[in-house]
Amino acid sequence: MNYKEKVAQAIQAAVDNQLSMDEILEKIENPKTLELGDYAFPAFILAKTLKKAPQLIAAEIVEKINKDGFEKIEAVGPYVNFFLDKKKFSKEVLEVILANGSNYGNQNLGNNGNVPIDMSSPNIAKPMSMGHLRSTVIGNSLGLLLEKTNYNPVRINHLGDWGTQFGKLIVAYRLWGSEEEVKADPINNLLKYYVKFHQEDVEHPELDDQAREVFKKLEEGDEESLELWKWFREESLKKFTEVYDRLGISFDSYNGEAFYNDKMEEVAEILEQKGLLKESQGAEIVDLEKYNLNPALIRKSDGSTLYITRDLAAALYRYRTYDFVKSLYVVGMEQTNHFKQLKAVLNEMGYDWADEIHHIPFGLITSGGKKLSTRSGRVILLEEVLDDAVKLANQQINEKNPDLQDKKAVAEAVGVGAVVFHDLKNERVNNFDFNLEEVVRFEGETGPYVQYSHARAMSILRKANVTNFGNDMEISDTNAWATLRLLEDFPNTVNKAVEDYEPSVIAKYSIHLAKAFNKYYANSRILEEDDEKMARLALVKSVATVLKESLRLLGVKAPNEM
Ligand code: ARG
């Protein structure tokens with residue numbers, strides 16, 4: 001039970017069960033500053049039922065309430081303010097953290113239920129965009145948060161590896177490509193061929209016919225075309241994997257769009273059987289008017305299937321394979337309608353698990369306030385961003401700590417971590433601007449700032465060189481209070497992040513904790529030889545543990561020194 005619940009329980013007893021625990025928990029407030037108390041209860045919500053003045057009710061609650069475990073409880077106007085017993089609180093909280101280490105905050109919300117996470121999902125033979133980066137890091141963090149709360153995430157990279165563009169690419173490669181080029185730099189050269197195709201087909205429209213022909217062959221399983229397609233896919237994936245490795249992210253499945261080639265016929269059959277398939281201008285659709293949505297286009301007039309048909313097959317496949325408790329799709333906000341349609345069609349098909357399909361949308365990364373796009377030339381290439389971030393991190397390390405061991409690895413962890421942290425610190429639906437200098441700063445609300453705070457805590461512990469913190473973990477120093485309160489709030493924070501599918505909750509929390517700790521460090525002498533030295537070191541250890549675990553949940557490393 002957390003402290004807020006303890007407060008609620010005491011209140012419930014004092015008001016003779018006039019309110020339920022949930023009602024009380026919902027009403028308990030956090031006072032503006034800790035000087036006003038740790039929790040406040042607005043007694044006026046009982047004024048109507050009890051037909052009494054709010055001040056009186058507040059005073060009566062204070063009279064009656066069990067004050068065990070509190071420093072004081074006082075009525076201020078219509079409020080009851082609670083001050084926790086700081087020594088008792090610090091002892092309890094620090095004991096739990098030291099005993100659990102990085103498992104602190106683990107909880108069982110998921111009963112080990114499977115949760116497929118559709119994440120990253122870039123398109124083959126094209127550079128991975130910043131949008132795909134967002135999907136990758138948000139999906140990864142959600143996976144880690146789900147693991148921590150005892151779900152079993154299944155990370156699926158639903159690669160964009162099928163479609164008419166592969167007909168074009170194969171034609172272009174045969175005309176202008178070479179094996180050496182593709183091997184040397186697959187993504188850029190494949191992109192180059194593709195772009196050239198689009199320049200040439202203006203004057204040579206027969207190219208488009210050829211491309212259609214090749215794609216048809218590909219769909220029919222023509223060996224030679226399939227070989228090329230497979231090779232392009234592999235080479236692209238190798239390149240993507242370099243980025244995934246740098247981010248420390250791996251997948252359980254790379255079943256992309258092509259995987260569902262032989263699984264769509266069944267979908268069409270089920271739709272047919274259930275009388276859901278309608279004809280419209282030669283194409284086959286599912287009408288979704290009652291959902292206020294455009295019809296879902298299942299099969300085009302030439303018989304070819306579409307994005308949503310593949311997603312229907314994928315949803316069904318995932319349900320059968322994983323028997324999921326929920327199924328997540330971390331995909332940009334611009335695809336909101338697509339996922340609404342997907343859910344609606346599954347619902348029409350009579351699958352009750354359609355309710356457990358969740359689109360987890362996110363906003364755009366902008367530059368100078370403008371949308372990034374290929375056409376405007378404002379493309380940001382992920383690898384370049386990571387390289388530049390690492391360079392900047394390296395510069396700062398050279399200024400601050402030139403003798404640091406393992407500088408290269410630390411700069412990589414800080415640079416890459418900075419980019420990831422910046423992405424996750426914003427509520428995911430918001431657009432945000434990308435400015436590299438901002439992102440890699442060691443001060444302010446950045447990843448490096450949190451990493452630096454962790455490293456500082458580790459350095460204090462190295463200096464103190466204790467292995468056993470003893471049993472006396474009572475801290476009376478009020479400077480430590482904000483930090484202690486935040487430490488206690490970590491499990492609750494994890495819970496909130498999972499429930500809202502929102503890694504930013506953890507990122508923001510880690511900034512608050514780092515700030516509180518740095519303030520404490522600036523105002524108290526931690527290594528002073530007195531009664532509370534060991535308790536203070538236990539606090540430092542707990543801060544290091546929770547900062548590191550917070551960063552881990554975001555997919556960011558925490559070097560011990562920087
Ligand atoms: N490849 C797609 C794109 O880049 C994203 C795929 C998302 N996942 C899905 N199951 N539709 O836009």
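**Exercise 1. Find the assigned domains in this predicted model and say how far apart their centres lie.**

Step 1. Start with the domain assignment of the chain: domain 1 covers 3–84, and domain 2 covers 382–554.
Step 2. Now take the C-alpha centres of domain 1 and domain 2; the distance between these centres is 34 Å. Keep in mind that you are working with a predicted model.

**Exercise 2. Decide whether strand β4 is mostly covered or mostly open, and work out which strands pair with β4.**

Step 1. Locate β4 at residues 114–118 and check burial, where a residue counts as buried if 20 or more other C-beta atoms lie within 10 Å of its own. Four of the five residues in β4 pass, so the strand is mostly covered.
Step 2. Look at strand β5, residues 152–156: β4 and β5 run parallel and share five bridges. To find your place in this pairing, look for V115, which stands opposite P153 in β5.
Step 3. Follow the chain from β4 to β5. The path goes through helix α6 (residues 130–148), and this β-α-β crossover is right-handed.
Step 4. Turn to strand β9, residues 327–330, which also pairs with β4 in the parallel sense, here over two bridges.

How values were computed
Residues numbered from 1 in each chain as written. Predicted model: local features only at pLDDT ≥ 70, side-chain atom pairs only at ≥ 80, totals over all residues. Buried ≥ 20, exposed ≤ 12 C-beta atoms within 10 Å, placed from the backbone. Pairing = 2+ DSSP bridges. Right-handed = clockwise from strand over helix to strand, strands pointing away. Domains from an automatic or database assignment.
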